[in-house]
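Open the model in your viewer and keep the selection tool at hand. Each stop below says what to select and what is there.

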Amino acid sequence: MMKLRKSFLLFLAICLTSCATSYHEFNISGGYQSAKLSDDLYVVRFDGNGYTSFDLAAQFTMRRCAEITLEQGKR
């Protein structure tokens, strides 16, 4: 019985931590993608799963835009 309870708690923890897509470069579970179109123009996209809210996806997209801006030495 105790082993079943521990297994259930481990399963529950995995489910709760893997629901929404986290901030990372694109892979099979989603993430951000960015491509340079010209010297000062980039396209940025974030793909989340069904548990990722629109607001969170928008925040992650803006975060990637800010990272690219700083990487290019801009403000």
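Select threonine 21 and asparagine 49 to begin: the side chain of threonine 21 reaches the backbone nitrogen of asparagine 49 at 3.1 Å. This is a polar contact, a pair of N or O atoms within 3.5 Å; within protein, one must be able to donate a hydrogen and the other to accept it, and residues adjacent in sequence count only if both atoms are side-chain atoms. The model is a predicted one, in which local features need pLDDT of at least 70 and side-chain atom pairs count only at pLDDT 80 or more, while totals for chains, interfaces and linings use all residues. Residues are numbered from 1 along each chain as its sequence is written, and side-chain values use heavy atoms, with hydrogens and water left out.

Is threonine 21 buried or exposed? Threonine 21 counts as buried because its relative accessibility is 4%; buried means under 20% relative accessible area, exposed over 50%, and partly exposed in between (1.4 Å probe, protein chains only). Threonine 21 lies in the loop between α1 (2–17) and β1 (31–38). Not counting residues up to four places away in sequence, its contacts (heavy atoms within 4.5 Å) include Ser29, Gly48, Leu56 and Phe60.

Now colour by secondary structure. The protein chain has two helices and two strands, and from the N terminus on the order is α-β-β-α. Helices (H or I, at least four residues) and strands (E, at least two) are DSSP runs, numbered from the N terminus. Select β1 and strand β2 (residues 41–47): they pair in the antiparallel sense over seven bridges, where pairing requires that DSSP finds at least two bridges between two strands. The two strands form a hairpin, with two residues between them.

At the loop between β1 and β2, select aspartate 40. With a relative accessible area of 67%, aspartate 40 is exposed.

Next, select tyrosine 32, whose bridge partner in β2 is phenylalanine 46. Leaving aside neighbours within four places in sequence, tyrosine 32 is in contact with residues including His24, Arg45 and Arg64. Arginine 64 is in helix α2 and, at 11% relative accessibility, counts as buried. Among the contacts of arginine 64, beyond four places in sequence, are Ser34, Val44 and Glu71.

Which residues make up the largest nonpolar core? Select Tyr23, Tyr32, Phe46, Ala57 and Phe60. A nonpolar core is a set of buried Ala, Val, Leu, Ile, Met, Phe, Trp, Tyr and Cys residues joined through side-chain atoms within 4.5 Å.

A search of the whole structure finds three aromatic pairs. Tyrosine 23 and phenylalanine 60 form one that is tilted, at 5.4 Å centre to centre and 55° between the planes. This pair joins the loop between α1 and β1 to helix α2 (residues 54–71), 37 residues apart. Rings of Phe, Tyr and Trp (its six-membered ring) pair if their centres lie within 6.5 Å; planes under 30 degrees apart count as stacked, over 60 as edge-to-face and the rest as tilted. Ring pairs link Tyr23, Tyr32, Phe46 and Phe60 into a cluster.

Tyrosine 23 is buried at 17% relative accessibility, and phenylalanine 60 is buried at 13%. Finally, select arginine 63: its charged end sits over the ring of tyrosine 23, 3.8 Å from the ring centre. The criterion is NZ of Lys or CZ of Arg within 6 Å of the ring centre and within 35 degrees of the ring normal.
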